[in-house]
Amino acid sequence: MAKAVRMSDIAKRLHVSTVTVSKALAGKDGVSEDLRKKIQTLAVEMGYQSQKNKEENVNRYTIGIITSYRYIEKGQSFYWALYERSLFHLSQNGHTGILEVITEEAEEKLWIPRLIQDQRIDGLIVMGNFSFEYYKMLEQTKVPFLILDAFHAELQQDCVISDGYYGMYIMTKYLIGVGHREIQFVGSIDQTSSILDRYYGYCRAMREAGISVMAEQVLPDRDVEGKIFVSLENLKRMPTAFACNCDITAYTLMKQLQALGVSIPDDVSLVGFDDFIFSDLANPPITTYAVDINLMSKRSVRQLLCRIKNPNSPIRHIVVSGTMIERKSVRFITEK
């Protein structure tokens, strides 16, 4: 029998103290977020199980995690982070997670995921937006599932989403607070529920400031297949600021503007949403709304396990708040 992995084994691999490992795995303060992620990831790789899970006589479940290929292509790393965090929280509770990537053809033809066909899983986490017909097909399989980072009111399914509405409200209100009034929303509002939520948050902040929102103040950011594509040809006039529905879009837009000789933030300001990779890669770094990926994943795992154990319990729609991260992509027209 293989020797059980201890906290000291993890500490030795990372050259930190056992106390630091203990704090990181317990979610306590005193450990930087980067180090916490390294410790948690290594704990999963080494097969560490907490003493609580060893002592408790609990069922062990195998959970499928599916997402569309379009969400994990190059540049779409947000869903890899959600997957890794979900995997970690499953393993910490003694459960196993298996990923299956769904192709566009499989979604269009409503093919049942192989994980379900082979009867390998007890429940399913569905990451990202799929067609309504695909969700209905999943319902018909009778496998308990939870939707992560998407919402459909017509479905009677648990879901966990970030607070897109109030998050973008906060970001737009911030732009208005530092003097911007000509603010363009960047996002294809008919593509996903999360983009639409963020657009409504933008509209509320603009309305509260007495600023009318016209159709031409919405700039689409992706093609029909969901790939990021911002066309400045659709821009009627240059605003003083852009409120982008995600950091990938903000990064893409920044590169296009800079290629045209537009200086960020001297000529135009912009903000993003998610706080994932691209906001820090950009030059200047992008002011954004940080989505709490870890808490979203944790709540998803917890709710799905509750659903498996209590299939008739009330449906839960869980909204996870984040925080604004102020960087260098916004010019103050007036003092805050």
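This is a predicted model: local features need pLDDT of at least 70, side-chain atom pairs count only at pLDDT 80 or more; totals for chains, interfaces and linings use all residues.
**Entry 1: β6 and β8**

I looked up V186 first: its bridge partner in β8 is C244. That pair belongs to a set of four bridges that join strand β6 (residues 183–186) to strand β8 (residues 241–244), and the two strands run parallel. For my own bookkeeping, helices (H or I, at least four residues) and strands (E, at least two) are DSSP runs, numbered from the N terminus. Two strands pair if DSSP finds at least two bridges between them.

Residues are numbered from 1 along each chain as its sequence is written, and side-chain values use heavy atoms, with hydrogens and water left out.

**Entry 2: the sheet around them**

Which order do the strands take here? I get β7-β6-β8-β9, an open sheet of four strands with parallel pairing. At the edges sit β7 (218–219) and β9 (269–271), each pairing on one side only.

Helix α9 (residues 164–177) lies across β6, β8 and β9 and runs at about 170° to β8. Helix α11 (residues 247–259) also lies across β6, β8 and β9, at about 150° to β8. Contact here means heavy atoms within 4.5 Å. Axes are lines fitted to C-alpha atoms (for helices, over the stretch in contact), with angles from 0 to 180 degrees between N-to-C directions.

**Entry 3: the other sheet**

I found six strands in another open sheet, ordered β2-β1-β3-β4-β5-β11, with parallel pairing. Its edge strands are β2 (96–102) and β11 (317–320), and each pairs on one side only. On average, neighbouring strands of this sheet are turned by 20° against each other, direction ignored.

Zooming in, I see three bridges joining β4 (residues 145–148) to β5 (residues 158–162), which run parallel. I147 stands opposite C159 in β5.

**Entry 4: α5 and its two helix contacts**

How do α3 and α5 cross? The axes of helix α3 (residues 33–46) and helix α5 (residues 78–92) come within 10 Å and cross at roughly 60°. The crossing is left-handed; that is, the near helix is turned anticlockwise from the far one by less than a right angle, and clockwise would be right-handed. From α3, I listed K37, Q40, T41 and V44, which meet R85, F88 and S91 in α5. Those contact residues split into two nonpolar, three polar and two charged. (Ala, Val, Leu, Ile, Met, Phe, Trp, Tyr, Cys and Pro count as nonpolar, Asp, Glu, Lys and Arg as charged, and the others, Gly among them, as polar.)

Next I took α5 with helix α13 (residues 293–309): their axes come within 8 Å and cross at roughly 50°. These two are therefore oblique to each other, and the crossing is right-handed. On the α5 side the contact uses F78, A81, L82, R85, S86, H89 and L90, and on the α13 side I293, N294, M296, S297, K298 and V301. I sorted these residues into seven nonpolar, four polar and two charged.

**Entry 5: whole protein**

I count 13 helices and twelve strands in the protein. The C-alpha trace spans about 65 × 50 × 35 Å along its principal axes. With 336 residues, a compact globule would have a radius of gyration near 20 Å, and the protein's 22 Å agrees. That radius is taken over C-alpha atoms, and the globule rule is 2.2 Å times the number of residues to the power 0.38.

Key: Angles under 35 degrees count as roughly parallel, over 145 as roughly antiparallel, 65 to 115 as roughly perpendicular and the rest as oblique.
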